[in-house]
Amino acid sequence: MNDFARAVSQAEVARLAAATRAAVTHWRRHDDFPPPVSGTGDRLHLGEVIGWLDGRRVPANRLALGETAGDTYGDRVRRSFRPAERPEADPSLQSLRALASDVCGGAPRTDYLYLLLCLAFLRLHDRDRWTHVTRHLPASGDAGTARQLLRFVVATVDASLGHPDLLSSSDAPPTRLRPRTFEPVRKVVVLTAHLGPGAYHRLLDEYVREVRSHDGAISTPTSVARTMVALLADHTARGEVTVYDPFARFGELLAEFTQVPVGEAVLQVYAEHPHPAELRLAGMSLAATGATPELAVAPSPPPGGAKFLLTNPPFDKKEQPTWLRRCIAALADDGRAAVLMPYGAGYAAGTRAYDTRRDLVEQGSVHAVVALPARMFPGSSIGVCIWLLRKPVGRATPVHMVDARHLGRPSGPQAKGVHILDAADIATIAATFAAAEPKPGFSIAVAPHEIRAHGYSLNPPEYQDRTLARASADDARAEVDALTATLDLPSYTTGTDEGWPEHRLRDLCEIRSGVPPRPLKRAISQAHTAREVVPVVHPRHLREGLIDAGDAPNADVDTVSQQHQLQIGDVLYVRTGAMGQTAIVGPSESGWLPHSNVLRLRVTKLAELDPAYLLAYLSQSAVQARIRDRSVRSLTTSLSTTTLGDLEMPLPPVADQRRILSALQLVDDEISMIDRRLAAARATRTAFTRHLADGTVVLNGRETP
């Protein structure tokens, strides 16, 4: 330890901690950072600096080889002196885990881990109150004494956080523990005194894993949190800066934000959660970073609004519009919000969801939407977007759409783990967002009129392929003229820029999934003894608008509900995997059964929509791309009846639909004629080459060399 008693320069601190000099300069601005050693100029006492750095966790994207989540800069400095002495495991932590059953007394293990977090927090981040706890630790006692001690520990944490009344320690998780004797609890306190600097964050990671697997709790993944922070980092901050999370979960978003230098600004942190137990954890996590958070269980935005707002609110569909509006209302006039939303929030068709998106777009409150890869949350295949919001500006403005779904990598073996973004991925997303010029296929600034044309969709993938954009009438005419100069087409003229009125498919059709897997399997297995069998249409049988089911398996039709049987004019659409194949049911396929992976659209308003026109519309590659982009839930696509029903299609009158179909048939006839001529020309070349080469055919006239 003699090495730690010496005075060091700021440059030496940066070298020993493997940090930049700018980072050390930022650290020194904290009120509790050790002052220079008297009589040494600006040099610092290394031991005191290490003690302060024990509270500064190394961000995951800056961990060196061999370091683990939860390691601090203090750990790193010690290892620079004794790299070979780093233990692979904290023996005190192992001993504490072994006492779980003796302390729980039938309570969940998560309650015990919560107790360890409280003790580790006091031991590592509030030495004065830790000393107070150890001085009041009885040498012996009974079960009642043990429960009193548990309540005392929680109350001490609440006092440390500055909210002894707000957090209600009487029903905190540790108070639910039921140790039968006092001794195991005393041992827990004694062992906590020997925990290493990174123990709190290791325990927090363990607790989050445990409550996620047993209670379904959600914690924002580290790479998602860092991406949200990086997207806000470009926004200038001066003076007193407030950062607010109205649904703080475990404090992970705010804790990540506090690790980012904010220049000369003074940071004020506001964390909110409706449940005191979770709020206490958020408060401890933030205090462990050196922040002094204001905590609240009821909605309490910062006075004057938040400069920065980060949140991962509940994903309840009914509540999403409320959360979006609430976040915008909590901002300062120049504030910015990064709000995590599921993919579906960008295109959900419910009245509240649609009205909210429309209002946010028309008021200019949506600055950008960034689509992240699917499966970034453990145990869930859900995909998420980051919505970057601001106060209304009173007019619609372009929205920056970034499609980052292709970035990152699966973290587990055989690509089965959760998806993560590394530091380079996050930097790419942030740079793309900040860039003045769009990056085709990755980012684009979408004009308000185009968002309106897409039903106020805020789903970034829909706007990356520009074939999805509706062209002006003049541009459309010019494109068709250029492409059809050599074709014999019906006469056409320029329409209007508004186009045909749009209708949702669910208002025009009954959309139903195919036969469910279990009944279908049973029906196929009983086909050999059935009184009547019919073919089952699989996705592979949908070819170029028709059903080609020569190899289709048969099924016992009597074991399946009649509602699944196909009728003439039904339009079929593949719902999973390689989506997009479509076909229409003809007279010979009436009564057949659709496979589970096939959706059936039955037009219910034949006076408004011709089934053949519906088939033609759904067969467009641009429409299929739009449907596919709205169907991504995980690493594969799966189209629901709701998503397909929400699709809006331009709908001309039926008479115009039939004229359009006749015109398209003329084009198809031209294609068929050209295909026949092309096939004949290729066959001719093959035969001509063979016969010329073997001399059975010779050319008339011979050229002399």
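1. Two cavities of 30 Å³ or more are found when the whole structure is searched. A cavity is a set of points, on a 1 Å grid over the protein atoms alone, where a 1.4 Å probe fits but cannot get out, and its lining residues have an atom within 4 Å of a point. Grid points are joined across faces, edges and corners, and a volume is the space filled by probe spheres set on the points. The model is a predicted one, in which local features need pLDDT of at least 70 and side-chain atom pairs count only at pLDDT 80 or more, while totals for chains, interfaces and linings use all residues. Residues are numbered from 1 along each chain as its sequence is written, and side-chain values use heavy atoms, with hydrogens and water left out.

2. The largest cavity has a volume of about 80 Å³. Its lining comprises 13 residues, and those nearest the centre are His454, Gly455, Arg504, Arg630 and Glu648. By class, five lining residues are nonpolar, two polar and six charged (nonpolar: Ala, Val, Leu, Ile, Met, Phe, Trp, Tyr, Cys and Pro; charged: Asp, Glu, Lys and Arg; polar: the others, Gly among them).

3. For the second largest cavity, the volume is about 30 Å³. It is lined by Arg626, Ile627, Arg630, Thr643, Leu644 and Leu647. Helix H22 (621-629) and helix H23 (641-646) are the elements that give two or more residues to this lining. Helices (H or I, at least four residues) and strands (E, at least two) are DSSP runs, numbered from the N terminus.

4. An open, antiparallel sheet is formed by four strands in the order S15-S23-S20-S21, where two strands pair if DSSP finds at least two bridges between them. Strands S15 (509-513) and S21 (582-584) are at the edges with a single partner strand each, so one side of each has no neighbour in the sheet. Strands S20 (residues 571-574) and S23 (residues 598-603) are joined by four bridges; Val574 has Val598 as its bridge partner in S23.

5. Which residues does Glu502 touch, not counting those up to four places away in sequence? They are Ala453, Glu648, Met649 and Pro650, contact meaning heavy atoms within 4.5 Å. Glu502 belongs to strand S14 (residues 502-504). Its relative accessibility is 37%, so Glu502 counts as partly exposed (buried is under 20%, exposed over 50%, partly exposed in between; 1.4 Å probe, protein chains only). The C-alpha atoms of Glu502 and Ala453 are 9.5 Å apart, with 49 residues separating the two along the chain.

Key. 1 Å grid on protein atoms, 1.4 Å probe; cavity = no way out; pocket = protein on both sides within 12 Å on 5 of 7 lines; lining within 4 Å.
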